[in-house]
Amino acid sequence: MNTPIPLSAMAAPLMALRIFDDEFRHLPAPCVSISTVYPDLLELSFHDDAEGFEIWCQALGIRPRAVQHSVHSDGRTSVMKAVTNYSGGPVKLVCFTTIPTPDEVRSRVEVGS
């Protein structure tokens, strides 16, 4: 059985959240995750909000070339990831966006014409 970790083990990501609330409260709200598995990591995720992801990358000084791009095996979900250090710990940004199928793209074009 694992020994439970104290809340103090999450000090870095909790401090980052406090700072974000003070400095970046005007930015789009991400999904926030802090886990006992990686207690020093703060994860900010964006679902179908690539613009919010980009805004946060800019605010945290993450360069575009530092963003990793991939596609889930289903071919329907694009993923962008970036990691930076902030307030003594890593902050990971993740963005999931839906890739339209060819039928969806065609129907959008047909509707617009």
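**An aromatic cluster and the overall fold**

In this predicted model, ring pairs join Phe20, Phe24, Trp56 and Tyr86 into a cluster. A pair of aromatic rings is described by how far apart the centres lie and by the angle of the planes. With centres required to lie within 6.5 Å, the count of aromatic pairs comes to five. One of these pairs is formed by Phe20 and Phe24, whose rings are 5.6 Å apart centre to centre, with 45 degrees between the planes, an arrangement classed as tilted. Phe20 has a relative accessibility of 4% and therefore counts as buried, and Phe24, with a relative accessible area of 12%, is likewise buried, the cut-off for this class being under 20%.

Phe20 also pairs with Tyr86, and because the ring centres lie 4.9 Å apart with the planes at 50 degrees, this pair is tilted. Since Phe20 belongs to helix α1 (residues 11-23) whereas Tyr86 belongs to strand β4 (residues 77-86), the pair ties together parts of the protein that are 66 residues apart in sequence.

Taken as a whole, the protein contains three helices and five strands, which follow one another from the N terminus in the order α-β-β-α-β-β-β-α. Among the contacts between residues at least 6 apart in sequence, 55% join residues that are at least 24 apart.

As to overall dimensions, the radius of gyration of the protein is 17 Å, whereas a compact globule of 113 residues would have a value near 13 Å. Along the principal axes, the C-alpha atoms fill a box of roughly 60 × 40 × 25 Å. The accessible surface amounts to about 7500 Å², and carbon and sulfur atoms account for 54% of this area. With regard to charge, the protein carries 9 positive and 13 negative side chains, and the centres of these two sets are 5 Å apart.

Terms used: Residues numbered from 1 in each chain as written. Predicted model: local features only at pLDDT ≥ 70, side-chain atom pairs only at ≥ 80, totals over all residues. Heavy atoms only, no water. Phe/Tyr/Trp six-rings, centres within 6.5 Å; stacked < 30°, edge-to-face > 60°. Buried < 20%, exposed > 50% of the residue type's maximum accessible area, 1.4 Å probe, protein only. Helix = DSSP H or I, 4+ residues; strand = E, 2+ residues; numbered from the N terminus. Rg over C-alpha atoms; globule rule 2.2 N^0.38 Å. Contact = heavy atoms within 4.5 Å. Areas by Shrake-Rupley, 256 points an atom, 1.4 Å probe, with all protein chains shown as cover. Lys, Arg positive; Asp, Glu negative; His and termini not counted. Charge placed at Lys NZ, Arg CZ, Asp CG, Glu CD.
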